[in-house]
Amino acid sequence: MKIRFFSLLLVISVFAGKLFAGPLDLVPLPASIQKGEGEFEFSPQTAFFGEPGLTSLMEYGGRMVASKLGFVPGIVPAGAIPGSAMIRLQLSAPFDGQLGTEGYLLKIMPREILIRANLPAGVFYGLQTLGQMLDGAEGGKLPAVTITDHPRFSYRGMHIDVARHFMPIESLYRFVDYLAMHKMNVLHWHLVDDQGWRLEIKKYPKLTEVGAWRVDREELHWNSRPLIRPGEKTTYGGFYTQEEVKALVQYARERYVTIIPEIEMPAHAMAALAAYPELSCTGIYQGVAPGGVWPITHIFCAGKEETFGFLEDVLTETMALFPSTFIHVGGDEADKTEWKKCPLCQKRIKEEGLKEEHELQSYFITRVEKFLSAHGRKLLGWDEILEGGLAPEASVMSWRGEEGGIAAAKMGHTVVMTPGSHCYFDYYQGDPSLEPLAIGGLTTLKKVYSFEPVPAVLTEKEGKMILGAQGNHWTEYISTPEHLEYMAFPRLAALAEVVWSPKESRNWDDFSRRMNSQYLRYEKAGIRYARSAFQVWSHPRLLPETKTLEVAFTTEVSNPEIRYTLDGTDPTVSSPLYTAPVAIDRSVVAKAAVFVDGKSVTAPLSRQFYLHKAVACPVTLKYPNSLKYDGSGEYTLVDGVKGSANFNDGNWKGFYKDDMVATIDLGKAVGIQSVETHAIQDVGSWIFMPKEVVVEVSADGQNFRKLGSVTHKIPVTAAEKLTHDFLVKKSAKKVRYVRVTARNLGICPPGHAGAGKGAHLFVSEIVVD
Ligand code: TNX
């Protein structure tokens with residue numbers, strides 16, 4: 001996997017100077033841009049001029065200009081009279097209501113650049129806009145323009161999980177700079193989890209001596225890593241000293257980025273419990289988890305007073321390092337199995353008059369909230385903190401869809417939106433067959449851009465409870481800062497526009513056009529962004545009357561030059577240019593890629609289309625497929641398209657507990673040589689390979705004879721998502737009907753998270769040749 005990822009990074013710089021459309025292609029789009037007359041020309045005489053309180057911003061602006069134009073503008077000393085061609089930074093008095101606390105006015109005139117804001121934060125964002133313009137300024141010239149700008153939301157965040165994989169502190173400095181460049185203002189730092197404790201806590205040195213290190217099982221799939229065995233050494237991990245944290249917090253502060261720390265409780269705490277096992281219900285040492293743990297049962301004991309004493313101590317040191325108003329305490333995915341068996345937890349439930357374990361979790365979080373409030377801080381937690389009763393002053397981070405956020409907003413609590421569907425940047429951003437291994441899902445640039453943080457069901461007043469949104473970078477499958485950058489960009493640009501720009505100005509075509517400029521900025525800044533938006537997607541359409549296909553190709557870049565082939569070879573710059581859907585009247589391998597300046601930007605899309613004997617023939621199912629998993633409708637099993645390793649790609653029919661018994665009517669008696677059934681396994685989604693596939697044939701639809709059957713050797717524990725063809729190769733004459741029975745496993749096997757519960761079976765194509 002690693003090898004594949006680095007070959008993706010090697011794609012050469014394809015845009016340098018070519019696609020850049022102009023300095024006003026800003027991302028995120030400002031609230032208002034009015035073009036003026038003439039231009040401002042930078043020269044080595046250009047200097048900053050402003051009040052003494054803005055000196056550090058003038059210095060910052062100077063470094064920024066120097067990085068773009070190669071010379072450092074001076075700073076006119078206080079009291080001196082400025083010359084011409086100045087960059088004037090100004091705080092407005094009185095307060096300009098339209099600009100608010102983070103807005104700015106940027107006026108570029110032939111003889112002066114003015115940045116005015118109510119507060120330094122606004123001046124800082126004005127400088128960011130100026131910096132973006134300079135990336136496109138030819139010969140240091142900028143067009144005259146008046147930009148009035150302010151953010152739509154006050155919370156514009158990026159979350160980074162450094163627990164699953166440790167990220168060196170230097171990389172976090174870079175991310176702070178990248179956030180500032182996108183006018184984002186929160187870094188949510190996920191510092192602890194089952195797989196590592198990354199924050200030095202002086203009172204509990206074992207948290208990092210023990211909790212920061214795990215046994216190295218990086219060679220195994222994340223979900224196939226056994227816990228530590230006696231005698232094994234813990235060598236994999238890392239942590240941040242308090243000095244390092246303070247310096248980063250200060251650096252971020254100077255860039256108007258607030259770092260919110262997250263200390264997880266009561267679950268996702270195995271690293272802490274490896275250091276202090278006595279804080280769990282069982283007291284048994286399980287070690288720091290080297291990979292995935294599910295369900296998460298080994299959690300802090302809610303019955304012991306020591307747990308709360310420990311957490312209050314940890315939070316006290318945490319608050320001393322992080323001045324943020326919000327302190328995130330996690331709260332997600334706590335399985336209550338140990339609490340149910342623990343006499344102390346049960347005693348607590350009784351004494352506190354709680355109904356059951358969910359209320360015990362609510363007691364836990366409420367108690368911690370009181371502690372934070374007493375110290376002038378606000379508790380933020382994942383939406384599970386709603387279960388069993390939300391703590392009175394808590395704010396909710398809605399990740400399991402929008403529901404948690406809606407419920408919390410209706411109750412008058414503030415909310416940060418981060419639903420998995422649009423904000424999980426650990427999901428694939430392109431065709432999984434062309435991407436480095438990711439956790440699953442598919443959240444493309446366009447999908448992120450379509451995100452609306454304020455759910456439509458909220459009233460205007462309730463909508464005000466939505467503070468903003470955040471992109472989450474969980475790092476189970478991301479082990480280096482380079483890979484993290486790849487996952488974050490360009491998707492963070494789409495999110496930045498969602499949370500900064502006015503809702504009315506949202507326009508995908510315009511955004512994707514401006515992204516061509518943004519990609520160039522990324523190259524100048526050395527950001528190793530993903531080219532996934534340049535990948536080609538195919539959209540086959542079955543034409544049942546002619547039993548042929550028509551295939552459209554799309555991408556997420558503006559004005560793409562798509563070239564394709566139908567003979568299985570990789571497209572080149574002289575392959576046919578795609579202009580309209582392509583007719584397919586025989587089995588082919590279609591390949592397509594986007595070309596810029598004569599070079600393909602990504603590896604080509606490769607899709608096989610099968611025009612076999614059963615295409616567009618009527619199919620009857622003995623047991624109907626799940627309503628939710630209907631693929632593309634009635635011809636899904638015979639539409640000439642095999643599904644990918646993503647069971648949600650629209651090509652798969654799903655059967656819950658039932659077998660798939662499909663009878664295909666070929667329309668007339670023909671000779672056949674083989675029948676191949678395409679199935680998928682994705683154990684994380686409770687989808688298993690069929691136990692067996694049986695093929696029968698008939699001339700009249702009444703009397704069937706068995707043609708053959710086939711099983712497989714794929715273990716039900718395989719963590720990867722797999723597809724497999726069940727091939728029955730045997731010729732038969734005068735076949736009009738083909739009946740395929742794929743036997744569902746029925747129930748999830750022992751050891752699986754859903755053991756004993758219903759299993760799914762998914763089939764995409766039945767190829768009759
Ligand atoms: C769920 S989001 C989790 C994380 C995982 C993530 C993977 C949340 C509050 N909990 O522990 O890393 O899914 O996408």
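In this predicted model, the sulfur of Cys345 has its closest cysteine sulfur in Cys342, 3.7 Å away, which is too far for a bond. A disulfide here is a pair of cysteine sulfur atoms within 2.5 Å, and a search of the whole structure turns up 0 of them. Cys345 is buried, its relative accessible area being 0%; buried stands for under 20% relative accessible area, exposed for over 50% and partly exposed for anything in between, with a 1.4 Å probe and protein chains only. Cys423 is buried too, with a relative accessible area of 0%.

A word on bookkeeping. Residues are numbered from 1 along each chain as its sequence is written. The model being predicted, local features need pLDDT of at least 70 and side-chain atom pairs count only at pLDDT 80 or more, while totals for chains, interfaces and linings use all residues, and side-chain values rest on heavy atoms, with hydrogens and water left out.

On to the aromatics. A pair of aromatic rings is described by the distance of the centres and the angle of the planes. Searching the whole structure gives 35 aromatic pairs, counted when rings of Phe, Tyr and Trp (its six-membered ring) have centres within 6.5 Å, with planes under 30 degrees apart called stacked, over 60 edge-to-face and the rest tilted. One of these pairs is Tyr449 with Phe511, which is stacked, at 4.3 Å centre to centre and 15° between the planes. This pair bridges distant parts of the chain, since Tyr449 belongs to helix 14 (residues 445-449) and Phe511 to helix 18 (residues 508-525), 62 residues apart. Helices (H or I, at least four residues) and strands (E, at least two) are DSSP runs, numbered from the N terminus. Tyr449 and Phe511 are both buried.

Tyr519 and Phe534 make a tilted aromatic pair, with 5.4 Å between centres and 50° between the planes. Because Tyr519 lies in helix 18 and Phe534 in the loop between helix 18 and strand 20 (537-543), this pair ties together parts that are 15 residues apart in sequence. Tyr519 and Phe534 are buried, and they belong to one aromatic cluster together with Phe175, Tyr178, Phe489, Tyr522 and Tyr529.

The charged end of Arg506 sits over the ring of Tyr449, 5.9 Å from the ring centre; the criterion is NZ of Lys or CZ of Arg within 6 Å of the ring centre and within 35 degrees of the ring normal. Likewise, Arg739 places its charged end over the ring of Phe704, 4.0 Å from the centre.

Next, the helix packing. Two packed helices are described by the angle between their axes and the distance between the axes. For helix 4 (residues 169-181) and helix 6 (residues 242-254), the axes come within 10 Å and cross at roughly 15°; axes are lines fitted to C-alpha atoms, for helices over the stretch in contact, and angles run from 0 to 180 degrees between N-to-C directions. Helix 4 and helix 6 are therefore roughly parallel, given that angles under 35 degrees count as roughly parallel, over 145 as roughly antiparallel, 65 to 115 as roughly perpendicular and the rest as oblique. Helix 4 passes helix 6 in a right-handed crossing, meaning that the near helix is turned clockwise from the far one by less than a right angle, with anticlockwise being left-handed.

The axes of helix 8 (residues 305-321) and helix 11 (residues 357-374) come within 11 Å, crossing at roughly 40°. Helix 8 is thus oblique to helix 11, and their crossing is right-handed.

Last comes the backbone. Most residues other than glycine have a negative phi, and most peptide bonds are trans. The peptide bond from Val27 to Pro28 is cis, with omega near 0°, and Pro28 lies in the loop between helix 1 (2-9) and strand 1 (32-41). Another cis bond runs from Phe489 to Pro490, with omega near 10°; Pro490 is in the loop between helix 16 (481-488) and helix 17 (491-500). Tyr256, not a glycine, has a positive phi near 60° and is partly exposed at 25% relative accessibility. Asn559 has a positive phi of about 55° although not a glycine, and is exposed, with a relative accessible area of 77%.
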